[in-house]
Amino acid sequence: MNRMGYISKINTYAARFVLEVEGFNASNLYDINIHAEGFLIPVLNEVFGLRLENLNATEKKNYPAIDLADFKNRVAFQVTATSDFDKIKTTLEKFKDHKLNAAFDVLYIYIITHKKDKYNDDKLQPYIPADFSFSTTDHVIDKDNLLKKINTLSSTLKIETISKIYEHEFSEFQVQMRQKTFVNGCLKTEAEPICPNLLKISFPRYFYQAELNIDEEAITNDVNTYLISINKKPVKKLKPGNLVKKALRAIHVKAGEWVLHENYIYTFRNLDDRTEPFRKIVDIGTITPIECKDYYDSNENTLRVFKHLLRNTLMELCKLKEIEWYGQQEIFRFANNQVVPNQKKIKWKGKNEATKTVIFEMHNKKEGHIVCFRSLAFKSSFLNIEHDWYLVLNPTWSFTNPGGYNSSRFESAYMAGIKRLEANGSIYNYFRFFSYYFSHKNLFTPDYPYIEIHAAEKLSITPRLEEKAWKPVKIIESHSKDIDIEIKADNELTDNTLF
């Protein structure tokens, strides 16, 4: 199909979009408005060259005036079906009150129905932040403005991508499914099992607090002796965290399950145990056991300190599992061999025993040599729900150079390539693998007493979701031809019977 054919399809489906929203809203059915936010993200990303995220989905509650945002490019969108002056005024008023102009340079208000022919910009001036540019002509947009901008795109591939997004969302099948969902209420009423990306964790009931007792001068002198020996400039003073690390290394300890706060060290290690090496760097008389729940429930600051301790303790557990913390990207990833980087496989078991490749060799398509390594990885955070704590685990990938550690300079392009191939099922399967890998134990599993990760548990929801109807369309990336390696989908994890 040629360029004009794609634009014609976009015009047809865009008009259907507006009619559908107006029809549902007239019947006081507003779920379609929420769905519109998710649908618009890939369209707006293609048209404006952005990477928007849905703030309502990511629960960033500090942004009440906007729905979508690209924090790197400092662009925000409010998506609404209400086109009157008061809606524009209220949005700008909230944007100003919450000082969102500090985070964003551009604000668009996207009307998913039809915007008014004209708005009184003079009356809006008191609600616009100082030194912030906003005009209703340029920044209040609707379907017609978006179509005009699509027409100016030079890339036919981009227009084809946008056409496919519209076609997927507003085909006859999708419209009928939404009719059944929102109007007839025909979603299946039986429960559906789901598996949130939460892994329950456990840790000791108590942890320990103590004041530091380190001979700072002696440690600093030792460090400077080493720096001078390698022709580097000596330091006058070590940062507190670095001082603790050097003091521990001086007694041949490399453990990292500790955190500093206001000249106190906090750790799950039992400082009352006379054989505990950490006692050599603390004031013995200040050692205090603290019940974890009493501490993290105290206030936001103590909760932050406790989460920091959990993350540092997770790092130590991951080292035992040959997973490293890569601070530049704040991810955990399978560690490559630093002497001879190579592919790595790990045995695991779902319903049957299998092997999972966790580090792939990526070869140049033409010459065949190794261009980079692709390592299975995850981002993490911690969540406290009533009496239980959970590791929130989001699988991802890390692309390194042939040395196996530093990021590949083409990582963003490679990551875009793999994301084009992976759907929710792939991410779920990686999560299943991590669940097994962290929770499975055998005779050879090293004991780690400070944190334990348990296997994922399934929950259930009612009503059942129509997965096929809401499955997102695949996005075509215009720069894929520039990638010098062949990105293939990881199809090793196809057994869905782990739980």
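Me: Which element gives the most to the lining of the second largest pocket?
Reply: This is a predicted model. The second largest pocket is lined by 19 residues. The elements that each give two or more of them are α11 (240–250), β9 (258–261), α13 (300–320) and β12 (323–326). With 6 residues, the top contributor is α13.

Me: How many residues of that lining are charged?
Reply: Lys245, Gly256, Met315, Glu316 and Lys319 lie nearest the centre of the second largest pocket. Lys and Glu count as charged, Gly as polar and Met as nonpolar. Across the lining, 10 residues are nonpolar and 3 are polar. The number of charged ones is 6.

Me: How much space lies in the second largest pocket?
Reply: The pocket has 19 lining residues. The space in it comes to about 550 Å³.

Me: Which element gives the most to the largest nonpolar core?
Reply: The largest nonpolar core has 55 residues. Phe207, Phe306, Ile323 and Phe334 have the most contacts inside it. With 9 residues, the element that gives the most to this core is α13.

Me: How many residues are in the second, separate core?
Reply: In soluble globular proteins, nonpolar side chains tend to be buried together. Here the second core is separate, and Ile10, Ile112, Leu146 and Ile150 are among its members. Its residue count is 34.

Me: Leaving aside neighbours within four places in sequence, which residues from Thr288 onward is Phe207 in contact with?
Reply: Contact means heavy atoms within 4.5 Å. Partners of Phe207 include Tyr266, Thr267 and Phe268. From Thr288 onward they are Thr288, Pro289, Ile290, Cys292, Tyr295, Phe306 and Leu309.

Me: Which strands stand at the edges of the open sheet of 5 strands, and why is one side of each left without a neighbour?
Reply: The sheet runs in the order β1-β2-β3-β4-β5, with mixed pairing. An edge strand here has a single partner strand, so one side of it is left without a neighbour in the sheet. The two edge strands are β1 (53–54) and β5 (140–141).

Me: Which residue in β4 stands opposite Val75?
Reply: Strand β3 covers residues 75–80, and strand β4 covers residues 106–111. The two run parallel and are joined by 6 bridges. Opposite Val75 stands Val106.

Me: What percentage of the residues in the chain is buried?
Reply: The chain has 16 helices and 19 strands. Buried means under 20% relative accessible area. Of the 499 residues in the chain, the buried share is 44%.

Terms used:
Residues are numbered from 1 along each chain as its sequence is written. This is a predicted model: local features need pLDDT of at least 70, side-chain atom pairs count only at pLDDT 80 or more; totals for chains, interfaces and linings use all residues. Side-chain values use heavy atoms; hydrogens and water are left out. On a 1 Å grid over the protein atoms alone, a cavity is a set of points where a 1.4 Å probe fits but cannot get out, and a pocket is an open set with protein on both sides within 12 Å along at least five of seven lines; lining residues have an atom within 4 Å of a point. Grid points are joined across faces, edges and corners, and a volume is the space filled by probe spheres set on the points. Helices (H or I, at least four residues) and strands (E, at least two) are DSSP runs, numbered from the N terminus. A nonpolar core is a set of buried Ala, Val, Leu, Ile, Met, Phe, Trp, Tyr and Cys residues joined through side-chain atoms within 4.5 Å. Buried means under 20% relative accessible area, exposed over 50%, partly exposed in between (1.4 Å probe, protein chains only). Two strands pair if DSSP finds at least two bridges between them.
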